[in-house]
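Reader: I'm new to this one. Could you walk me through how the labels get decided?
Author: Happy to; let's look at it together.

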Amino acid sequence: MNKVRVFEWGAKITPLLPTWLGNSLCALIGTLMYLFATTKRQAVLDNLSHVLPDHPLSNRKRIARRIMQSSMRNYYDLLRTYKIPPDKLGKMVEVRGIPEMKAVTARNGGGGTLVYSGHLGSFSLSAQVASYNDVDFFLVVEPIKPPELFEVTRHLREVDRRTHTISIATMEVREIFRSLKVEDSMTCMAIDRDVTGQGTPLTFFGAKANLPTGVAEIALRTKATVMPIHVYRKGKQYHIDLWYEQAFVAESTGDKTADVARISQQMLAQVEKMILKTPDQWAVLQPIWGSGGEGQGSGEIQD
């Protein structure tokens, strides 16, 4: 059975499961992945050796296992959200900062807000409360192959009529500029992983990593209001926190290369804070700095 059929059948079966059972299966599958998917486990542990260098290896292993469980829960949320009634979703997801976001953006000239984050929390579920909160939400995502699978996931992500997805590696990227002209909208991009292979060396948790600079380039070109957004779970509740106090409009000095690097570093500093708040939900299963063995990165404290 190919991936498309797996997702299609998953979308039919998953909403039928009691939530407690779905979450329990995610925990079980994530644990099995941690135990047997050695390449992914190695990547996660190496990433955590940079993020939490002062933590003992035993603690990083616990967090790595929870990261894999969280990754499975993200898929679970994607496959079940379309069956959750909007009023119930509105109560499940707490959004903080939208009035302040709109006010800051209006003071900066209006239009949409360019929000950035890391691969944290369940964007697929949380974004489905756009209409409930009177905003348009544009989620910029990496392409999934084959294209038929991407269309399946796009359909699942666009249950809310005001939630839209934009593929970063296609001609759809032009839609980012159009989305920023939509009043009271959010266009969200992740900056903690180089999915196109065209990243720039930037300092992330004290070490160089190839990371995307597209958000900084768009910010300079559009003069849109730029703002961090932290998406995470806490128990049964889902949260979206807009860090409006950290909003800014990119200023050009005339040196584009230096400006892009400076703005990217400014944003990465905020993403670091998000990851440190919820490290067990940083669902990146690929090495960010390159593989360093099973958590044997620099600065490691062994048990």
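Reader: Where do Asp-77 and Arg-80 lie?
Author: Both sit in helix H4, three residues apart, about one turn of the helix. Helices here are DSSP runs (H or I, at least four residues), strands are E runs of at least two, and both are numbered from the N terminus. A quick word on the source: this is a predicted model, where local features need pLDDT of at least 70 and side-chain atom pairs count only at pLDDT 80 or more, while totals for chains, interfaces and linings use all residues. Residues are numbered from 1 along each chain as its sequence is written, and side-chain values use heavy atoms, with hydrogens and water left out.

Reader: Why is Asp-77 called buried?
Author: Buried means under 20% relative accessible area, exposed means over 50%, and partly exposed is in between (1.4 Å probe, protein chains only). Asp-77 has 0%, so it counts as buried. Arg-80 counts as buried too, at 8%.

Reader: And what makes Asp-134 and Lys-102 a salt bridge?
Author: Their closest N and O atoms are 3.8 Å apart, so they pass the same test. This pair links distant parts of the chain: Asp-134 is in the loop between H7 and strand E3 (136-141), and Lys-102 is in helix H6 (residues 98-107), 32 residues apart. Asp-134 has a relative accessible area of 44%, so it is partly exposed.

Reader: How do you know whether Phe-36 is buried or exposed?
Author: Its relative accessibility is 65%, so Phe-36 counts as exposed. Phe-36 lies in helix H2 (residues 19-36).

Reader: Which residues does Leu-120 touch, leaving out those up to four places away in sequence?
Author: Contact means heavy atoms within 4.5 Å. By that test Leu-120 touches His-230, Val-231, Met-274, Ile-275, Thr-278, Gln-281 and Trp-282. Leu-120 is found in the loop between strand E2 (113-117) and helix H7 (123-126).

Reader: Why is Leu-120 called buried?
Author: Its relative accessible area is 0%, so Leu-120 is buried.

Terms used
Salt bridge = Lys/Arg side-chain N within 4 Å of Asp/Glu carboxyl O.
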